[in-house]
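Dear colleague,

Please find below the structure for your records. My notes on the ligand and the pockets follow it.

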Amino acid sequence: MGRAQIAAGNWKMHKTPAEGTSLAREIREDWEATDSNVELVIAPPFTHLQALHDVLEGSGIILGAQNCHAEPEGAFTGEISVGMLSDLGVRYVIVGHSERRQLFGEGNDMIKRKVDAVLRAGLQPIFCCGEPLAVREAREQEEYVLRQLEESIFHLTDLLFAQVVIAYEPIWAIGTGKTASPQQAQDMHAFLRTKIRARYSDSVAEETPILYGGSVKPGNAADLFDQYDVDGGLIGGASLEADGFLAIAKELV
Ligand code: PGA
């Protein structure tokens with residue numbers, strides 16, 4: 001398979017900068033001894049980025065951010081621009097995480113503007129999509145997730161779309177311990193790839209990494225990653241501890 005295999009840790013609002021630095025150091029030490037083409041990504045809180053940039057420099061481990069603002073600069077108290085992130089060595093920015101959508105009121109249009117901002121800065125969005133439980137129970141998850149793509153990323157040109165990583169994260173599986181079955185993940189990923197093929201082309205569809213997120217653990221990662229259309233994981237809780245995160249990443253190796 002030609003497309004990138006990615007294990008991305010989303011630390012959310014966990015760990016102090018000092019704790020994060022020592023965790024990153026531990027991850028680096030182990031990962032450097034691992035022979036792998038897998039992209040290992042760490043997305044810590046903003047306050048940790050400078051320290052982690054220093055710790056991870058030269059290791060091949062990639063720095064990510066969990067959010068950004070859509071505007072390049074301005075009177076937006078408390079916000080962080082993509083230029084600031086780029087300057088700190090960030091390559092990936094998670095955009096449209098379900099917690100941003102649900103708890104901070106981000107809709108498809110705002111997420112679209114953030115995707116554009118990330119790409120304008122020469123960075124890569126990890127674009128999150130996924131349905132809530134009620135939508136899954138009504139068996140409307142495909143239409144729901146497709147709409148998220150149509151309204152936030154399908155306006156991109158081929159060239160820009162090639163920079164996008166998609167993370168399918170069913171909301172009912174995030175932080176709940178309830179994982180989508182490998183078949184449920186595969187079905188959605190294959191559906192998304194079909195839609196990308198229809199909108200763009202065969203080669204764009206084949207090259208787009210689609211990650212699964214939602215209670216990925218060392219014990220279920222292998223079965224999920226074995227699915228043809230699952231190209232890695234976006235990992236929350238299990239990325240907060242070096243052994244677990246690395247065990248998951250190594251299932252991709
Ligand atoms: P989880 O989080 O692994 O803790 O379920 C995944 C995510 O929200 O990205």
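In this predicted model, a polar backbone atom of S215 lies 2.8 Å from an oxygen atom of the ligand. A polar backbone atom of G175 is 2.7 Å from a ligand oxygen atom, and a polar side-chain atom of E169 is likewise placed 2.7 Å from an oxygen atom of the ligand. Taken alone, the ligand exposes 280 Å², of which the protein buries 96% (Shrake-Rupley accessible areas, 1.4 Å probe).

The ligand is surrounded by 13 residues, the closest being K12, H97, E169, G175 and S215 (a heavy atom within 4 Å). By class, this shell has four nonpolar, seven polar and two charged residues (Ala, Val, Leu, Ile, Met, Phe, Trp, Tyr, Cys and Pro count as nonpolar, Asp, Glu, Lys and Arg as charged, and the others, Gly among them, as polar).

The ligand sits in the second largest pocket (more than half of its atoms lie within 2 Å of the grid points). A pocket is an open set of points on a 1 Å grid over the protein atoms alone where a 1.4 Å probe fits, with protein on both sides within 12 Å along at least five of seven lines; lining residues have an atom within 4 Å of a point. The volume of this second largest pocket is about 170 Å³ (the space filled by probe spheres set on the points, which are joined across faces, edges and corners). Of its 16 lining residues, K12, G175, S215, G236 and G237 are the closest to its centre.

Residues are numbered from 1 along each chain as its sequence is written. Local features need pLDDT of at least 70 and side-chain atom pairs count only at pLDDT 80 or more, while totals for chains, interfaces and linings use all residues; side-chain values use heavy atoms, with hydrogens and water left out.

Yours sincerely

Note on methods:
Polar contact = N/O pair within 3.5 Å; in protein donor to acceptor, adjacent residues only side chain to side chain.
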